[in-house]
Amino acid sequence: MLFSVSFEVVNIYILISTPRLVQVFITILIIIAIVFLLLVKNKKTVEDAPLFFKVEWRIILTEKIPFYNGLITIEKTRFETEILYFLNTVRITGVDTSIDDTDKLLVAASAIIPIFAFKNWRYTNIAEVLLYPSSFNKEYETVGKDRKILGMVGNGFMNRSVILSKPALHLGFANETDKHNTAIHEFVHLIDKSDGATDGIPENLLQKQYVIPWINLMAENIAEINDGKSDIDPYGGTSKAEFFAVVGEYFFERPQLLKTKHPQLYTLLKHIFKTDTAQNLLQGKNKVGRNEVCSCNSGKKFKNCCGKK
């Protein structure tokens, strides 16, 4: 037995002693090392990644997310599944600030809302969301001058990341009377960017027959914004990409107002996102009271079921 093992060792030594075979052997080792490093790099790195959707998260979504409240029960379940998937594949990190489940759910909801109608959609251009304690500048600094930025899709060394001001994240869902939601704005940018060009034309969502009408409508509305004849945020007049992101947050934040003031724009956005947010949010206004029957069809009162604290 010992002789056999020794013989095999000698054979291996002879084989790898040949210059050509040594090169092949080293190449194989390098390939193995690279594959191993890639596996480690792409391995799930989200700390404390949830394995299941927590019951208490349903309370947070009910209290914070009007879009969620407008969904029927089966859609709420799918929304929760998408939330869980996002939290298990995208790292959410607080920079000089602590984060909790509410922060994470608001980030995930911001990502899911614009693409909820697309059941097979997956963000392939994001790995991490950074939450900052306040506004920041173009160098991602939270101290010093020019700290006017509340959200940004990262570029360069910050590629595959989204940076958000934590206060702005919360305000986007707390204030239902404005037309702004910073987090949704940035995820609309990511959707726009997913086709390779951040140009205000979301080719991965927009059917071909609507492309030309959308381009023309963008031009008309941008002209109106720059002439001071529109209620759309002036920032939307700076470029087509910003226009799409600005009206995207308007569409999800104040859909009924958008539908009234800009019916053509609302109709095209409804085709882009494949959802009627005005109707959805109208349904969501009828929130379940704590003593009413829970919407999950359990038969229990909300306070004793999904609303149990």
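Which word applies to D146, buried or exposed?

Modeller: D146 is exposed, with a relative accessible area of 58%; buried means under 20% relative accessible area, exposed over 50%, and partly exposed in between, with a 1.4 Å probe and protein chains only. The model is predicted, so local features need pLDDT of at least 70 and side-chain atom pairs count only at pLDDT 80 or more, while totals for chains, interfaces and linings use all residues. Residues are numbered from 1 along each chain as its sequence is written, and side-chain values use heavy atoms, with hydrogens and water left out.

D146 lies in the loop between β2 and β3; strands (E, at least two residues) and helices (H or I, at least four) are DSSP runs, numbered from the N terminus. The phi of D146 is near 60°, a positive value in a residue other than glycine. Most residues other than glycine have a negative phi. A positive phi, about 55°, also occurs at K274, again not a glycine. K274 is placed in the loop between α12 (263-273) and α13 (277-284), and at 38% relative accessibility K274 counts as partly exposed.

β3 (151-153), α8 (182-193) and α10 (240-253) each supply at least two residues of the lining of the largest pocket. A pocket is an open set of points on a 1 Å grid over the protein atoms alone, where a 1.4 Å probe fits, with protein on both sides within 12 Å along at least five of seven lines; lining residues have an atom within 4 Å of a point. The volume of the largest pocket is about 640 Å³, that is, the space filled by probe spheres set on the points, which are joined across faces, edges and corners. It is lined by 25 residues, and those closest to its centre are G151, H185, E186, Y235 and E242. α8 gives the largest share of the lining, five residues.

β2 (128-132), the other flanking strand, is among the elements against which the buried residues of α7 pack; contact here means heavy atoms within 4.5 Å. Those buried residues of helix α7 (residues 166-174) are K166, A168, L169, G172 and F173. Their other partners are α3 (55-64), α6 (101-112), β4 (161-165), α8 and α10.

The largest nonpolar core has 67 residues, and F79, F86, Y123, V129, W214 and L269 have the most contacts inside it. A nonpolar core is a set of buried Ala, Val, Leu, Ile, Met, Phe, Trp, Tyr and Cys residues joined through side-chain atoms within 4.5 Å. The largest share of this core, eight residues, comes from α10. A second, separate core of eight residues includes L130, Y140, M152 and M158.

Whereas D146 is exposed, Y123 is buried, with a relative accessible area of 15%. W121 is likewise buried, at 12%.
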